[in-house]
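Thanks for coming. I will go through one structure this morning, starting at the surface and ending inside. Please have a look at it first.

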Amino acid sequence: MSETSPGNLILALQNPDLYDHPVDGFQVIETHISQVILTGDYAYKIKKPMDFGFLNFSTLDRRKHFCEEELRLNRRLAEKLYLEVVPITGTPEAPILGGEGEGEAFEYAIKMRQFGQDQLFDRLQEQGELAPDLLTDLARQVAAFHDQLPPVPDEKPLGTPDAVFAAMQENFDQIRPLIDDSDLLIQLDNLQAWTESTFERHRELIAHRRGSGMVRECHGDLHLANITRFEDEVTVFDCIEFNEPFRWIDVINDLAFLLMDLESRRESALANQVLNTYLEHRDDFEALPLLPLYKAYRAMVRAKIALFTMANPVLSDDEKAGLMQRYRDYAQLAEDYGTIPNHYLLATTGLSASGKTCVSAAMANELGLIRLRSDIERKRLHGLAPLESSRSPTGGNLYTGEATEKTYQRLAELAGQVLAAGFPVIVDAASLKERERSLLASVAEAQGVPFALIHCEAPEDLRREWIRNRRDDASEATEELLDVQQAWFEPLTTEEKTHTVHLHTDQEHVAEAVADRIRQHLGIPGGKAG
């Protein structure tokens, strides 16, 4: 193709007669690597013949290959959106879509279903319409996606500790020549030193996770602008097709981009909801120590892109100033990930359907807690998914005394693991027996962190109503259980009452009020827990 043919082709393709479907009109969206022609129900994406080193679309064979890769990779999460690779024959001035013309294809396009830009998650967030249930659906989908991916083959040198660090080091090497502010340079030096020391501290864990199959062919670009609501379903699209090292990464590195993007938009509660839902559906608590490192890395990638964009000569001074502020914001976020967190252990206690799950969820989102649920971990111990029914009778199968003891041992082990990773924890469990509460208290004592019980209470008629109306939840509590559970509850001891908060969960905003008290007690600013 000649240097002028891409423009000629895009203009020529704006002809309704070329398409085998109705055309409502044409709109062209242009990025630095592609052009997308919107026609109404369908969109056609054409790659530009560019070579940036990390991305090379310079030849027709390469563009065809990466169109096919984009189709293959994105159909994993967005099968309804990605339809086919369409050859373009004829000439740039008189193109024919679909390869029915004479001669070989001179270009290729990815045919996609078109969707409303107003349904993109970044747009929804900016408009205050990014509902929590959408994030729950997204987190479950990402967890299932990560679970089904095959691990990196041993012969591929991807996701190794050296490869991970090289990507992080590249950020600092590329940023440093682009800033001359002494304060920003000092900050960059400190960020680099923290990155190096944190990486070295976790080098063995990074290697272990690659060896245990946690480096997989992920999405690679998992942020809100690449997620939409299509036909009432959360749909993730536009994964990295052009660079293997960018997508063959640890699954927690993939998730870290989404968490960082939410936190950069001051959506910490939604980020925490995503993380806890993900962990409920993927038993990957082992990865938690790596999250601050990977989130800081993702923030610095975004900071770097802001500086790169400033080099565009057509930008105004105001636009350049906005990009510099964006760099500052992302660099500050990366710095925040390196702060020493407040960590502590909370545990609920109370009869079934007394509001423990709602309270623990609200407090987790308010305070940035990792939530461990007995309903989830009990099922996990027996090979069941969180929403899968065990069909257990009251006091039988999953709910025998022995099964319950194993469940609390599991909760205690996980709580210790998460606290050691630097995260505060809330255990959502009935904790009806003194020995169950004592076991959790001993975890906090062993870690040297504060411990408190959250005793949830609600009127019996309301608890029965909540059980009857419960949907889409891991709990299997029944009204029959309520009839017998009263006899199982061992009252709080005098010593336990010294560190117990009593909540009447039929009142509004009780969890948020307790979260505020905890923040004040621990000196946590601005609703953040770390």
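I start with a nonpolar patch on the surface, formed by Phe52, Phe54 and Phe246, with about 260 Å² of accessible area together. A patch here is made of residues with over 30% relative accessible area and no salt bridge, where like charges are joined within 9 Å and nonpolar side chains (Val, Leu, Ile, Met, Phe, Trp, Tyr) within 5 Å. The areas come from the Shrake-Rupley method with a 1.4 Å probe, and for residues only the protein chains shown count as cover.

A word on the source. This is a predicted model, in which local features need pLDDT of at least 70 and side-chain atom pairs count only at pLDDT 80 or more, while totals for chains, interfaces and linings use all residues. Residues are numbered from 1 along each chain as its sequence is written, and side-chain values use heavy atoms, with hydrogens and water left out.

Phenylalanine 246 lies in helix H7, residues 244-247; helices (H or I, at least four residues) and strands (E, at least two) are DSSP runs, numbered from the N terminus. Phenylalanine 246 is partly exposed, at a relative accessible area of 33%. For these words, buried means under 20% relative accessible area, exposed means over 50%, and partly exposed is in between, with a 1.4 Å probe and protein chains only.

Phe52, Phe54 and Phe246 also belong to one aromatic cluster, together with Phe242. Rings of Phe, Tyr and Trp (its six-membered ring) pair if their centres lie within 6.5 Å; planes under 30 degrees apart count as stacked, over 60 as edge-to-face, and the rest as tilted. By that rule there are 9 aromatic pairs. One of them joins phenylalanine 57 and phenylalanine 66, a tilted pair with 5.5 Å centre to centre and 50° between the planes. How exposed or buried is phenylalanine 57? Phenylalanine 57 is buried, with a relative accessible area of 0%, and phenylalanine 66 is buried at 10%.

Next, phenylalanine 165 and phenylalanine 199. Their ring centres are 5.0 Å apart and their planes are at 35°, so this pair is tilted. Phenylalanine 165 sits in helix H5 (residues 161-175) and phenylalanine 199 in helix H6 (residues 182-211), so the pair ties together parts that are 34 residues apart in sequence. Phenylalanine 165 is partly exposed at 22% relative accessibility, whereas phenylalanine 199 is buried at 0%.

Now the charges. How many salt bridges does a search of the whole structure find? The search finds 40, a salt bridge being a side-chain nitrogen of Lys or Arg within 4 Å of a carboxyl oxygen of Asp or Glu.

One of them joins arginine 203 and aspartate 162, at 3.4 Å from N to O. Arginine 203 is in helix H6 and aspartate 162 in helix H5, so this pair ties together parts 41 residues apart in sequence. Arginine 203 is partly exposed at 29%, and aspartate 162 is exposed at 54%. Arginine 203 also forms a salt bridge with glutamate 200, where the closest N and O atoms are 3.1 Å apart. Glutamate 200 and arginine 203 are 3 residues apart in helix H6, separated by about one helical turn. Glutamate 200 is partly exposed, at 47%.

Arginine 176 and aspartate 189 form another salt bridge, with the closest N and O atoms 2.9 Å apart. The pair links distant parts of the chain, with arginine 176 in the loop between H5 and H6 and aspartate 189 in helix H6, 13 residues apart. Both are partly exposed, arginine 176 at 27% and aspartate 189 at 40%.

Last, the inside. Is helix H13 mostly buried or exposed? Of its 8 residues (374-381), 7 are buried, so H13 is largely enclosed by the rest of the structure. The buried ones are Ser374, Asp375, Ile376, Glu377, Arg378, Lys379 and Arg380. They pack against helix H9 (268-281), strand S12 (370-373), helix H14 (401-420) and strand S13 (425-428), where contact means heavy atoms within 4.5 Å. After H13 comes glycine 383, with a positive phi near 75°.

That is the tour.
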